[in-house]
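Take a look at the two-chain model below. This report walks through its helices, its cores and its confidence scores.

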Amino acid sequence: MNKRIYFSSIAFLATVLRIALAVLALSWVSSQAAAAGQTIDPENCIGCHEETPVLGVHSGALFGATNRVATCADCHGWVTDLGQHETDGADMVRFDSAAAVLEPRTLTPLSLGVSTIATQNQTCLQCHSGKTLGALHWTHDAHGFELACSTCHQLHPKNDPVRGLSNASTIKLCVDCHSAQTRNGEGVRP
Amino acid sequence: MSVTRRDFLIASTCVATAGAFPVVHSMEVDGKRYTMVHDEKACIGCTACMDACREVNAVPEGVSRLNIIRSEPIGTYPDVTFQFFRQSCQHCDVPPCVAVCPSGASFRDPDTGIVDVDPDKCVGCQYCIAACPYQVRYIDPVTQAADKCDFCRKTNLAQGKLPACVESCPTNALIFGDLNDPDSEVSQVIATSKTYRTKVELGTDPHLYRIAAPTGGNRS
């Protein structure tokens with residue numbers, strides 16, 4: 001046998017072996033992931049949640065921690081128990097302004113299944129720093145404790161309702177919320 | 001009558017002094033003494049008052065009777081506070097703007113204590129702008145007369161309403177009323193709260209009182 005053919009056969013066999021090992025390793029990893037409950041590929045979320053695609057500016061945005069396009073799981077967390085997830089979805093980070101509307105003082109959600117302001121905002125703060133947000137608009141600084149980002153921002157619809165608000169509409173937003181607070185006898189700050 | 005050189009100098013000094021400080025005592029007010037309190041603790045800096053003032057009093061763009069000045073952020077995100085300062089006419093009891101006005105356009109309404117401007121009498125010399133220690137006067141680009149906050153004397157007050165800024169405030173941070181009435185809310189607030197006024201050392205006796213907000217750490 002020609003020496004060259006001999007070595008290339010060895011190389012070919014080695015490659016085949018490596019691929020086989022890799023496949024084995026991958027299936028082992030996925031079975032481990034299955035054991036940990038992380039079997040739901042974020043790509044599959046839309047299979048059930050087809051009504052909530054991300055159409056806003058976060059569609060196709062890079063997630064800093066992974067340096068790849070953000071998935072549902074990057075913001076909402078991984079499904080750890082598919083059975084429970086299908087029952088109540090309580091294991092997910094749920095972005096809902098109800099967190100802020102209902103419990104500005106205790107930071108505990110009164111609405112079932114809604115994540116706390118701190119939990120919601122911590123997700124956003126993985127990419128958006130408080131300093132940058134404060135520079136964009138001072139009201140970010142003013143509401144750091146009291147509001148969830150989702151109270152004002154919506155990422156799933158094509159247009160975030162507060163982006164591009166006129167000055168008059170911004171003032172009206174302040175007045176509407178704070179008038180209600182005044183009527184309810186709540187202080188400006190908790 | 002002979003006048004010694006010494007008597008003449010003393011007499012002329014007195015005249016010169018009186019001329020330089022023509023108003024050294026408070027003007028008498030018979031009726032109401034309208035006064036405002038800005039509660040900086042309650043203010044959220046939304047500037048709804050600024051918009052309402054501009055609309056009600058038809059204040060042209062580019063000038064303003066009322067500004068809310070926002071401080072730099074105090075603290076680090078998410079524990080950040082701000083301070084808000086109202087910049088507008090203080091309706092002084094001893095108003096330098098009235099004292100320097102050569103045409104009588106700047107005046108103090110004896111019935112309300114409100115310092116106001118008669119645009120028909122104003123010649124636009126801008127002495128009042130230079131004299132006002134609170135820097136709240138401007139020349140209206142439409143009338144070419146000096147103008148400033150008049151507590152809505154010609155608009156809302158004339159219609160029996162509160163000043164536009166007070167009406168529009170969502171947190172009741174502005175309290176307005178008659179300081180001569182001890183039972184009025186404004187009198188009660190001034191009597192029972194720790195308030196401050198700015199530049200009182202100038203002897204202007206301003207009638208815009210302020211309740212100071214804490215300088216931070218108010219969440220502790």
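## A helix checked by length

At 1.5 Å a residue, the 17 residues of H10(A) should span 24 Å, and the end C-alpha atoms are 24 Å apart, so the two values agree. Keep in mind that this is a predicted model.

Which residues of H10(A) are buried? They are A:Ile171, A:Val175, A:Cys177 and A:His178. The cover over these buried residues includes H2 of chain B. Just after H10(A) comes A:Gly185, with a positive phi of about 75°.

## Chain A as a whole

Chain A has 10 helices and 2 strands. Along the sequence, the pattern reads α-α-β-β-α-α-α-α-α-α-α-α. Chain A has 190 residues, and buried residues make up 16% of them.

Now take the contacts in chain A with a separation of 6 or more. Residues 24 or more positions apart account for 50% of these.

## Chain B as a whole

Chain B has 6 helices and 11 strands. Of its 220 residues, 35% count as buried. Again, take the contacts with a separation of 6 or more. In chain B, 60% of them join residues 24 or more positions apart.

## Where the chains meet

How many residues of chain A are in contact with chain B? The count is 17 residues of chain A, in contact with 18 residues of chain B. On the chain A side, the elements that give two or more residues are helix H7 (130–136), helix H8 (138–142) and H10. H10(A) gives the most, with 7 residues. By class, this side of chain A has 8 nonpolar, 6 polar and 3 charged residues.

## Helix H2 of chain B

Helix H2 of chain B runs over residues 48–56. Its buried residues are B:Ala48, B:Cys49, B:Met50, B:Ala52 and B:Cys53. What covers them? Part of the cover comes from chain A, through helix H10 (167–183).

Just after H2(B), B:Ala58 takes a positive phi of about 50°. B:Glu61 sits in the loop between H2 and S2 of chain B. Is B:Glu61 buried or exposed? B:Glu61 counts as exposed because it has 7 C-beta neighbours inside 10 Å, and the cut-off for exposed is 12 or fewer. B:Glu61 and B:Pro141 are 80 residues apart along the chain, yet their C-alpha atoms are separated by 9.0 Å.

## The nonpolar cores

The largest nonpolar core has 45 residues. Which of them touch the most other members? They are B:Ala48, B:Cys49, B:Cys53, B:Cys165, B:Cys169 and B:Leu174. The elements that give two or more residues to this core include H10 of chain A. From chain B they are strand S1 (34–39), H2, helix H3 (96–100), strand S7 (115–117), H5, S10 and strand S11 (208–211). H2(B) gives the most to this core, with 5 residues.

Look at B:Cys169. Leaving out residues up to four places away in sequence, B:Cys169 touches B:Ala48, B:Cys49 and B:Leu174. Another core lies apart from the largest one. This other core has 6 residues, among them A:Phe95, A:Ala148, A:Cys149 and A:Cys152.

The model scores ipTM 0.78 and pTM 0.78. Chain A has a mean pLDDT of 76, and 67% of its residues reach 70 or more. Where in chain A is confidence lowest, and where is it highest? The lowest mean is 52, in helix H1 (residues 3–36), and the highest is 95, in H8(A). Over residues 22–37 of chain A, the pLDDT is below 50. Beyond near neighbours in sequence, that stretch has 6 contacts in the model.

Chain B averages a pLDDT of 89, with 84% of its residues scoring at least 70. Over residues 14–27 of chain B the pLDDT is below 50, and the stretch has 8 contacts beyond near neighbours in sequence. Residues 216–220 of chain B also stay under 50, with 7 contacts beyond four places in sequence. Where pLDDT is low, the predicted coordinates should not be read in detail.

Key: Residues are numbered from 1 along each chain as its sequence is written. Chains are lettered from A and ligands numbered from 1 in the order in which they are written. This is a predicted model: local features need pLDDT of at least 70, side-chain atom pairs count only at pLDDT 80 or more; totals for chains, interfaces and linings use all residues. A residue is buried if 20 or more other C-beta atoms lie within 10 Å of its own, exposed if 12 or fewer, and partly exposed in between; C-beta atoms are placed from the backbone. Helices (H or I, at least four residues) and strands (E, at least two) are DSSP runs, numbered from the N terminus. Two residues are in contact if their C-beta atoms, placed from the backbone, lie within 7 Å. Ala, Val, Leu, Ile, Met, Phe, Trp, Tyr, Cys and Pro count as nonpolar, Asp, Glu, Lys and Arg as charged, and the others, Gly among them, as polar. pLDDT is the predictor's confidence in each residue, from 0 to 100. A nonpolar core is a set of buried Ala, Val, Leu, Ile, Met, Phe, Trp, Tyr and Cys residues joined through C-beta atoms within 7 Å. The expected span of a helix is 1.5 Å times one less than its number of residues.
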